[in-house]
Amino acid sequence: MHAAVRADVLAALDRVYDSNWYVLGEEVTQFEQEYSQFSGVAHTVGVGNGLDALTLALRALGIGPGDEVLVPSNTYIATWLAVTHAGATPVPVEPDPLTSNLDPARLAAALSPRTRAILPVHLYGQPCRMPEILAFAARHGLAVVEDNAQAQGATFEGQPTGSFGAVNATSFYPTKNLGALGDAGAITTHDAALAEQLRRLRSYGAAHKNHHELPGYNSRLDELQAAALRVKLRHLPAWTQQRRQIAAWYDAYLAGIPGLRRPAVAAGAAPVWHLYVVHTPRRDALRQHLAAQGIETLVHYPVPPHLQPAYAPLGWRAGALPIAETLAATCLSLPLWPGLTEATVAAVASAVRAFCRE
Ligand SMILES: *Cc1c(COP(=O)(O)O)cnc(C)c1O
């Protein structure tokens, strides 16, 4: 991926170097406009990383101490940490075990008088069933904040993820579908007033130099990252096409293997395949079998947030969220990156098939 864009990215970095302007300048402004267009929103606010994007999004909505936010039980811990850093309490909702995404039918049971928002995560690049989540939120007066860190370019019924909620967060960590050359993130919204509030929050609470209206943060997208992201954003649709082709190859080559569950896609969802995740009760043994043949796999994520030491104070016990715990014990991410060939996919699939026959 990086070899193909090397000359263009280095030229962009040169341009920034020579500009002598490194934080919140022309590259960030241009990238924010281009990313807004890509996402179907009016405003993008570039920030330092995905966790800050989520935290600032919640802060801009006024969510804080005493509030509860509904989060997936099986997400990356950053989703929960953002709620914690805003001063609120994350309340887990179990996913649909087939798509691994937030199950709208389970939201009602998690509701309390303190619930203020829902934070759906488009896990593995699979869009959540947003119309049902938005309808539930509207019925109960809740805000929706999408965690779009893994799903840039995905759509549900034709609408881009990151454009459904009141204010939505994404990450450009290098391994994401749109990755920077370091840490970076962004917030997307249709609301001009929220965008203005977020611009203050990311830069010391000041809209104008030396006039600090609120106790803000220092979390700004820098010019070098924005310049690199502008180059890579132009390639993202083609890279997404490649990811979709690779997922289709996996689907074909892994069909009909007993004991192996392939990813399910919700009706209306057009995923961008950040990851291709299979499930098997013999996950660890399969992982070892593949590693012995030089095939690297990863586990996203082996321990759900409620069982992490960081969340011991909330008092969740093993067994409390059985769907998340089962998914964590059985999930395996197969190799997937733009440029992976059909022959390699076929070789990985035949190694998986050989193991499952044993
Ligand atoms: C990567 C990721 C984040 C956090 O992004 P950072 O830029 O690493 O802070 C949040 N949520 C999800 C689902 C992620 O995958």
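Helices (H or I, at least four residues) and strands (E, at least two) are DSSP runs, numbered from the N terminus. This is a predicted model, where local features need pLDDT of at least 70, side-chain atom pairs count only at pLDDT 80 or more, and totals for chains, interfaces and linings use all residues. Residues are numbered from 1 along each chain as its sequence is written, and side-chain values use heavy atoms, with hydrogens and water left out.

**View A. Ala 192, in helix α7.** Helix α7 covers residues 192–202, and Ala 192 belongs to it. With 48% relative accessibility, Ala 192 is classed as partly exposed (buried is under 20% relative accessible area, exposed is over 50%, and partly exposed is in between, using a 1.4 Å probe and protein chains only).

**View B. The largest pocket.** A pocket here is an open set of points on a 1 Å grid over the protein atoms alone, with protein on both sides within 12 Å along at least five of seven lines; a 1.4 Å probe fits at the points, and lining residues have an atom within 4 Å of one. Its volume, the space filled by probe spheres set on points joined across faces, edges and corners, comes to about 1000 Å³ for the largest pocket. The lining has 43 residues, and Tyr 173, Thr 175, Lys 176, His 274 and His 300 are the ones nearest the centre. Two or more lining residues come from each of α3 (50–60), α4 (77–85), β8 (168–171), α8 (223–253) and β14 (331–334). Top contributor is α4, with 4 residues. By type, the lining splits into 21 nonpolar, 16 polar and 6 charged residues (Ala, Val, Leu, Ile, Met, Phe, Trp, Tyr, Cys and Pro are nonpolar; Asp, Glu, Lys and Arg are charged; the others, Gly among them, are polar).

View C. Most residues other than glycine have a negative phi, and most peptide bonds are trans. His 300 and Tyr 301 are joined by a cis peptide bond, with omega about 10°; Tyr 301 is in the loop between α9 (283–292) and α10 (322–330). Ser 100, not a glycine, has a positive phi of about 65°. Its loop runs between β3 (89–93) and α5 (107–110), and at 4% relative accessibility Ser 100 is buried. Asn 210 also isn't a glycine, and its phi is positive at about 65°. Asn 210 sits in the loop between β10 (206–208) and β11 (211–212) and, at 67% relative accessibility, is exposed.

**View D. Salt bridges.** The whole structure has 11 salt bridges, each a side-chain nitrogen of Lys or Arg within 4 Å of a carboxyl oxygen of Asp or Glu. Asp 67 and Arg 116 pair up at 3.0 Å, N to O. Asp 67 is in the loop between α3 and β2 (68–72) and Arg 116 is in strand β4 (residues 115–118), so this pair ties together parts 49 residues apart in sequence. Asp 67 is buried at 12% relative accessible area, while Arg 116 is partly exposed at 32%. In another pair, Asp 284 and Arg 283 have their closest N and O atoms 2.7 Å apart. Arg 283 is buried, at 7% relative accessible area. Shared partners also link Arg 15, Glu 27, Glu 34 and Arg 230 into one salt-bridge network.
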